[in-house]
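Please open the structure in your viewer and keep the selection tool at hand. The tour below moves from one selection to the next and says what to look for at each stop.

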Amino acid sequence: MKRSTLLAVITAVLLILTNSQSLLGQTLLLNENFNYTAGTLLTANGWTAHSGGGTNAITVTTPLPLTYTGYLSSGIGNETSLTTSGEDDNTGFTAQTTGSLYASFLIQVSAANTAGDYFLHFCPTSGVTTGTYYGRVFAKKDASNNLAFGISKSSTTPVYTGFTYSMNTTYLVVIKYTYNSGTTTDDVASLFINPALNAAEPSALVVSNDVGTDATSLAAIALRQGTAINAPTFKLDGIRVATTWADIVGSSTVTAPTVQASNLTFSAISGAGMTVGWTNGDGANRVVIMNTSNSFTTPVDGTSPTANTVYGGSGEQVVYNGSGNSVAVTGLTPSTTYWFRVYEYNGSGVSTKFLGTTATNNPMSQATSVLTTAPVVTSPTATTITNNSAVLGGNITSDGGASITERGTVWGTVTGVTIANNKLAEGGLTTGVFTQTRSALPTKTNIFYKAYAINSVGTTLSTEASFYTLANEPTTHVTGFTAAAAGSTSINLNWTAAATGADGYLILQKSGAVAPTGTPVDATGYIAGA
């Protein structure tokens, strides 16, 4: 064989391997990205009309294809758009009669109806299709314009998801038809929405095993434009049909990251919590584990630890699992040192691969702050009481771990004094005993008072105490004071009352020829005859 001929043969074989969907993986049956001229009909690009031919025919649309990060058929070529009441088209692939058949696609619904209808399904034959349709995918909305997707094995009665999806949002939808070998009605259709990419097959979101007759062969996938009162309006792109999950959402082969997260930092530190930050490594995600000691267990590959930012009190705990670079942790104890370590990982679910190495400032520790409370104030005192003033005070026995910002006293004329009653700062900012003169008090009045102190945590009042202010001293004395015997055991006393300022009179007596001496003491209650 001539060299040029050999090269031509090799080139031809490479082209076949490059373009053949079945030879590339043996399991990928269809990869439709609508990579055709915008405005052309699907029927001009390998699709066949099987219903409503020529009426509102389906075309290749532009300007942008639908995209979904990481999906193998994202953002390639153009897309197609479907509305209601028009032509239905299908395109074929190698017929499948056993096992499982998968189809995935990107969809963005712009309008739907509350009744709902199906818009995509498998066909038993390609070209002109007849008979029952299988793996029908439905869409409908609720009164709030929320979207739900549904699946049926072969009937027009689907099993729907909740109304948890939004209009004009791109979703990755996967359907699965499973052949079972029991009765002629035991096959199952399953629906997945936004499954994890590059991961093992998860549990289906909803499944349908209606009693309709099972398929004997599936050889095409079809797009349907249903009735105006039921069907959705949508854009669709990136159709993949395969016999394995990996050909739908990517290979399940995942490698661990090679660069670990580093440089842990701490902020918003309090007695009960803190925020931990770090510099991300080259993993897609990471977990953060904390402990009260520098002791950590590397997460096991194939697991996805559940995180809880409220620390349980002791031992290792995962406090973060995601793609970010910080986490706020609560439930901590004051004046306690906590250790943190970050692990990078790739994949999800059973495909996760963790990097277990340490890095600069990973792990790192940080202590919580000292617990602070409001001050403690005791022993309210009142001295040097006059008719309109008194020296009041108290004793700050603890600042609560935070500096005193104000101290003083409050008073009122009824019990139940609060911080709002005649508050006056004394001026000092230390703990211990303090006093201050309070003036402008009402005369001969029962005064209730408390001492107070304030720090950054709060305000504390002492217990309540009370005293009476004195009356004003009389300004004149009585006159004409006389005494006359009224018998052998009594004396009559008479006087002219003071002109002003007296509320009462106190008379002192003493047996003998010497007059009483001394002056009554202010603020003293005397009892007659005592």
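In what order do the three strands of the open sheet with antiparallel pairing lie? This is a predicted model, and in it the order of that sheet is β24-β25-β28. Select residues 376-383 for β24 and 432-438 for β28, and you have the edge strands, each of which pairs on one side only. Neighbouring strands here are turned against each other by 20° on average, if direction is ignored.

Now move to residues 262-267 and 273-279, the strands β16 and β17, which run antiparallel and are joined by four bridges. Threonine 265 has glycine 277 in β17 as its bridge partner. Between the strands of this hairpin are five residues, and alanine 268 takes a positive phi near 50°.

For the last stop, show side chains and select Phe122, Phe149, Ile239 and Val241, which touch the most other members of the largest nonpolar core, a set of 43 residues. Strand β6, residues 100-111, gives the most to this core, with five residues. Then select Met274, Val276, Val327 and Tyr338, which are included in a second, separate core of 17 residues.

How values were computed: Residues numbered from 1 in each chain as written. Predicted model: local features only at pLDDT ≥ 70, side-chain atom pairs only at ≥ 80, totals over all residues. Heavy atoms only, no water. Pairing = 2+ DSSP bridges. Helix = DSSP H or I, 4+ residues; strand = E, 2+ residues; numbered from the N terminus. Axes fitted to C-alpha atoms, helices over the stretch in contact; angles between N-to-C directions. Core = buried A, V, L, I, M, F, W, Y, C linked by side-chain atoms within 4.5 Å. Buried < 20%, exposed > 50% of the residue type's maximum accessible area, 1.4 Å probe, protein only.
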